[in-house]
Amino acid sequence: MEEEIRTSVDSSSSVNLPLRTICHVCHKQFSQYSCPRCNSRYCSLQCYKSHSNRCTESFMRENVVEELRQLRTDDSAKRKTLDILKRFHAEEEMEDLDEEDDSTLSEETTEKVLAGDQLSFDDLSEEEKKRFLRAMASGELSKMIEPWEAWWMKPSARTISLSKEGTPLVQLHAAERMTTSLTSETEVMQSSGIPQAPDTPLPPLSKLSTAEPSPLLAVHLIDIIYSYCFTLRLYNGDWQSDATGSALVVLSISSVLGQNGKPETVLEALSSCLEQTCSPAYRHVGGLQLGLSLIDDVSTLLSLGCPALVCLLCDLQRLIQAGERDLKSEKRRRKSKWSDIGTKLKHADRKIFFIMCWVHEQPSEVWSTLENIVKMEKSSIMEFENHKMSTKMDSKVKSGDKVLIQEI
């Protein structure tokens, strides 16, 4: 509905004055014109050009076509047309040159790169900063980053060995048995990118709590594994580059760690994680397709069994603790802002450690059963999404059958 304002010199006057329509583009000035194609009201040439690219381009194209039809094919008309085409191509070449100029760095920045110096965002010129931010927003920078191979997808992840206390073993490598050289499991894991296992023995659950562990811990573990995989995928495996940001991502994805959630079924846990993944904050990362691939990551980690899960939880605990340490320095500057987050990180640290001890005491059959449940729930989620897509397509087809109002 058009927004109309009655102009009046005197508010007490009872004289009916004409209604004036506000510009549909800037919403600041009164409109004086209307678009010949869509009848949209606008106040100036600038607003007309920006009100609808499709509309303006189509209108201009139709005008050009109509004018060309009226042209006589004499020599003078041909020359004019040729001049127009020449100018058009010249302008295109100038635009290409401008784009090439935009992609070049300043001499000062180029010298630093050639000298091997490290560059920070502050070292860039104002124009270079703008181009960098545009490239980051458009996703061009992601093409330059080498894709990270998740450690749980490597063959070495299936050969992790831990002691009865959950600590790394000391192994004698077959290739080095002749020299009787001992290599710790820690060194093996570090060389393959697998997170380090706990340095100290894990205590039994009976020492942490006198109460029986909740039967829902397996469901909560699904939520925690998903949030860990999401964070590492988001940071390309390098959560150390931004420990605080990584910790905040974990809290935002995991309802168990971030909102004190207590999902009662695997489907409820996965649905909550998918909801966060498809939220406006993370939709640009991959949306539903990323969420489904992360469920595959959860299944893979469960298939690896207890050693891999203990290493995962130990790495996640280090992530949370690193974020907590960084927040302490931030607190001095913004104490009120970070106090609540710091409390959540402390609670998350304790929960992760408790579940790590619980995982260490579970038999191997638990993980194969849980893996099958996750796969089954993923299938049900995909069936639901496929049904939604087919319903949308059917509704579009039905709406297309309706009589459309022709544009006058």
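Modeller: Let us begin with the elements: helices (H or I, at least four residues) and strands (E, at least two) are DSSP runs, numbered from the N terminus. By that rule the protein chain has 15 helices and six strands. This is a predicted model, in which local features need pLDDT of at least 70 and side-chain atom pairs count only at pLDDT 80 or more, while totals for chains, interfaces and linings use all residues. Residues are numbered from 1 along each chain as its sequence is written, and side-chain values use heavy atoms, with hydrogens and water left out.

Colleague: Why is Leu309 called buried?

Modeller: Buried means under 20% relative accessible area, exposed means over 50%, and partly exposed is what lies in between, with a 1.4 Å probe and protein chains only. Leu309 has a relative accessible area of 0%, so it counts as buried. Leu309 lies in helix 13, which covers residues 306-331. Over the protein chain, buried residues make up 33% of the 408 residues.

Colleague: What makes a residue a contact of Leu309, and which residues are they?

Modeller: Contact means heavy atoms within 4.5 Å. Leaving aside neighbours within four places in sequence, Leu309 is in contact with Leu221, Ile225, Leu301, Leu302, Val359 and Trp367. Ile225 is 84 residues from Leu309 along the chain, and their C-alpha atoms are separated by 8.5 Å. For the protein chain, among contacts between residues at least 6 apart in sequence, 60% join residues at least 24 apart.

Colleague: Leu302 is in that list, so how do you know whether Leu302 is buried or exposed?

Modeller: Its relative accessibility is 1%, and therefore Leu302 counts as buried. Leu302 is placed in helix 12, and, not counting residues up to four places away in sequence, Leu302 touches Ile222, Ile225, Leu309, Trp367, Leu370, Glu371 and Val374. The C-alpha atoms of Leu302 and Ile225, which are 77 residues apart along the chain, are separated by 9.2 Å.

Colleague: How do you know that the span of helix 12 is close to the expected one?

Modeller: The expected span is 1.5 Å times one less than the number of residues. With 18 residues, helix 12 reaches 26 Å from its first C-alpha to its last, which is close to the 26 Å expected. Helix 12 is followed by Gly305, whose phi is positive, near 85°.

Colleague: What is the angle between helix 11 and helix 12, and which residues make their contact?

Modeller: Axes are lines fitted to C-alpha atoms, for helices over the stretch in contact, and angles run from 0 to 180 degrees between N-to-C directions. On that basis helix 11 (residues 266-277) and helix 12 (residues 287-304) pack at an angle of about 145°, with their axes 9 Å apart. The contact is made by Leu270, Leu274 and Thr277 of helix 11, together with Gly287, Leu288, Leu290, Gly291, Leu292 and Ile295 of helix 12.

Colleague: Why is Cys47 said to be in no disulfide?

Modeller: A disulfide is a pair of cysteine sulfur atoms within 2.5 Å. The structure holds zero disulfides, and for Cys47 the nearest cysteine sulfur, that of Cys43, is 3.8 Å away. Cys47 is buried because its relative accessible area is 9%, whereas Cys278, at 26% relative accessibility, counts as partly exposed.

Colleague: What makes Asn260 exposed?

Modeller: Asn260 has a relative accessible area of 52%, and so it is exposed. Asn260 is placed in the loop between helix 10 (255-258) and helix 11, and it has a positive phi of about 55° although it is not a glycine.

Colleague: And why is Ile194 called buried, and where does Ile194 lie?

Modeller: Its relative accessible area is 4%, so Ile194 is buried, and Ile194 lies in the loop between helix 6 (185-192) and helix 7 (205-208).
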